[in-house]
Amino acid sequence: MDDMGTDRRQLLAALALATTPAASSAGSSPGTAPSSPRSPAQPGVPIEAFGALGDGSHDDTSAFEKAFDVVVAGTSILLAPGRSYRLTRSLRFTKPLILKGGTKEDTSLVFDRGSYATLGDQRAAILLPHLDDARTPRERGAQRSVLTGFSVHWKGGGSDALHGVLVNSPVYLAEIDVHGFPHDGFRIEAATKRLKGNANGSSFTDCSALGNGGHGFALYGDNANACVFIGARAFDNKGAGFYDASLLGNTYIAAEVDNNKGGGYTSDESLPNTSVFVGCYAEPGQLYRLNPRNIVIGPLGHTNGYCPAMVRSLPSGELFTSTGLVVARDVATAGANGKDDCFRISVRGFELMHGDGQSVRLSKLLSSDYVDLLNAGHPVMRLPARAIAGNVDVARPSFPAGFTLGASGRSGIIGSGTHPPRDGTHARGALWLNEEPDMGGFVGWTCIRSGSPGVWRPFGKIHSS
């Protein structure tokens with residue numbers, strides 16, 4: 001009896017502390033939200049204190065709604081490890097809160113058939129609205145809310161475009177799995193025709209979207225930018241694993257895709273989206289359908305499909321070709337020689353062109369101070385001009401070791417000087433240019449007999465008129 005009384009008193013004390021403005025940390029005003037997931041959290045209160053059972057069958061919706069209503073901003077609402085909480089209405093964050101479970105494997109929110117709310121015209125099980133899309137004067141928005149350590153499941157059968165989690169404000173999610181929703185697993189939407197809001201700067205760490213009817217992760221709008229996805233995974237979704245229709249772009253680090261019917265990584269080509277994909281993994285068939293402004297760095301696994309500017313330790317087939325490259329004025333000329341790829345140097349700079357229309361170009365036309373790498377005409381990388389050895393103009397290259405032509409590789413300009421070579425081994429047909437030509441002199445020398453240094457004779461007499 002004494003132990004039960006002690007537990008009850010401790011629980012009531014924790015609840016009183018969590019629902020009183022005095023619970024705010026020293027030096028901050030009442031209701032101050034945490035500045036980041038690493039900020040000292042407010043004292044937590046278990047969801048069971050509001051009547052939740054977590055047995056998987058009892059409807060715990062009212063307990064969550066009461067908790068969300070009465071606790072002050074910044075409070076941690078704790079979900080017990082090993083519990084499954086059944087809900088039949090949307091969870092709407094009207095203030096910054098921390099919803100914390102054990103792990104996504106042993107703590108779950110199971111949404112069953114019921115009545116689900118909308119944000120704009122989007123319906124979702126968990127709503128994280130921005131103040132701009134507040135429903136009532138009391139709403140302060142979900143900005144800086146933290147969700148961590150649980151999975152979110154749909155058990156209600158068919159529904160009209162129900163998302164798992166709808167993000168409309170900058171929030172932090174870690175170790176959250178979303179399973180089996182009729183539409184997108186995670187939808188980040190802000191500043192579209194349907195919604196106001198601002199979700200810029202949200203983060204998703206070790207989150208997964210599995211078996212959803214739309215995309216695994218989907219981003220839409222002018223204010224769905226600068227989000228970070230670290231270790232995020234998308235499996236078995238009917239749409240793309242990651243679909244990015246944000247205005248400016250986001251960063252994906254060590255993301256993984258497998259068996260998504262709409263492909264692996266997709267971005268909207270009509271937007272100036274400059275998303276970056278770093279060390280992302282793709283199983284076979286998980287296409288990269290990215291716009292030319294996106295950058296893929298160090299891809300793992302398969303990169304079939306259209307991959308734009310790609311940076312990796314060795315040349316890859318998507319951007320460079322290690323065999324079959326010919327020097328030609330255009331792809332058609334290269335094709336006449338049985339090659340689909342060609343390399344040319346023109347007033348536009350160094351150009352690598354492929355038979356499918358893809359082109360990569362180094363150019364100084366955009367700025368006299370920089371050399372730009374362009375992919376399909378879009379700048380994707382900028383280097384200071386001084387980074388190019390000797391500041392050689394990109395449209396007028398230098399070949400300090402010379403170059404050869406033809407199938408045999410013997411004929412070509414192998415160097416220059418004020419006299420023919422006096423050492424080294426040279427093949428018949430090699431040319432050596434005269435660096436100090438004058439009237440009555442010669443353009444250079446040609447090797448007429450192979451050897452060390454070979455037999456050289458002058459060619460191209462320079463006349464006075």
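In the predicted model, arginine 144 is partly exposed, with a relative accessible area of 33%. This residue lies in the loop between β9 (122-128) and β10 (146-154). Although arginine 144 is not a glycine, its phi is positive, at about 70 degrees. A positive phi also occurs at alanine 226, again a residue other than glycine, with a value near 55 degrees. Alanine 226 is placed in the loop between β16 (217-221) and β17 (228-230). Its relative accessibility is 52%, and alanine 226 therefore counts as exposed, the cut-off being over 50%.

Asparagine 294 belongs to the loop between β25 (288-289) and β26 (295-297). With a relative accessibility of 0%, asparagine 294 counts as buried. A polar atom of the asparagine 294 side chain lies 3.0 Å from the backbone oxygen of asparagine 273.

The structure holds 21 aromatic pairs. In one of them, the ring centres of tyrosine 220 and tyrosine 243 are 5.7 Å apart and the ring planes stand at 40 degrees, so the pair is classed as tilted. This pair links distant parts of the chain, with tyrosine 220 in strand β16 and tyrosine 243 in strand β19 (residues 242-246), 23 residues apart. Tyrosine 220 has a relative accessible area of 18% and is buried. For tyrosine 243 the relative accessibility is 18%, and this residue is likewise counted as buried. Both assignments follow because buried means under 20% relative accessible area.

Phenylalanine 229 and tyrosine 252 form a stacked aromatic pair, with 4.9 Å from centre to centre and 10 degrees between the planes. Here too the pair links distant parts of the chain: phenylalanine 229 is in strand β17 and tyrosine 252 in strand β20 (residues 251-253), 23 residues apart. Phenylalanine 229 is buried, at a relative accessible area of 0%. Tyrosine 252 is buried as well, with a relative accessible area of 0%. Phe229 and Tyr252 are members of one aromatic cluster, which is formed by these residues together with Phe186, Phe204, Phe217, Phe242, Tyr265, Phe277 and Tyr288.

Leucine 433 has glycine 444, in β37, as its bridge partner.

Notes: Residues numbered from 1 in each chain as written. Predicted model: local features only at pLDDT ≥ 70, side-chain atom pairs only at ≥ 80, totals over all residues. Heavy atoms only, no water. Helix = DSSP H or I, 4+ residues; strand = E, 2+ residues; numbered from the N terminus. Buried < 20%, exposed > 50% of the residue type's maximum accessible area, 1.4 Å probe, protein only. Polar contact = N/O pair within 3.5 Å; in protein donor to acceptor, adjacent residues only side chain to side chain. Phe/Tyr/Trp six-rings, centres within 6.5 Å; stacked < 30°, edge-to-face > 60°. Pairing = 2+ DSSP bridges.
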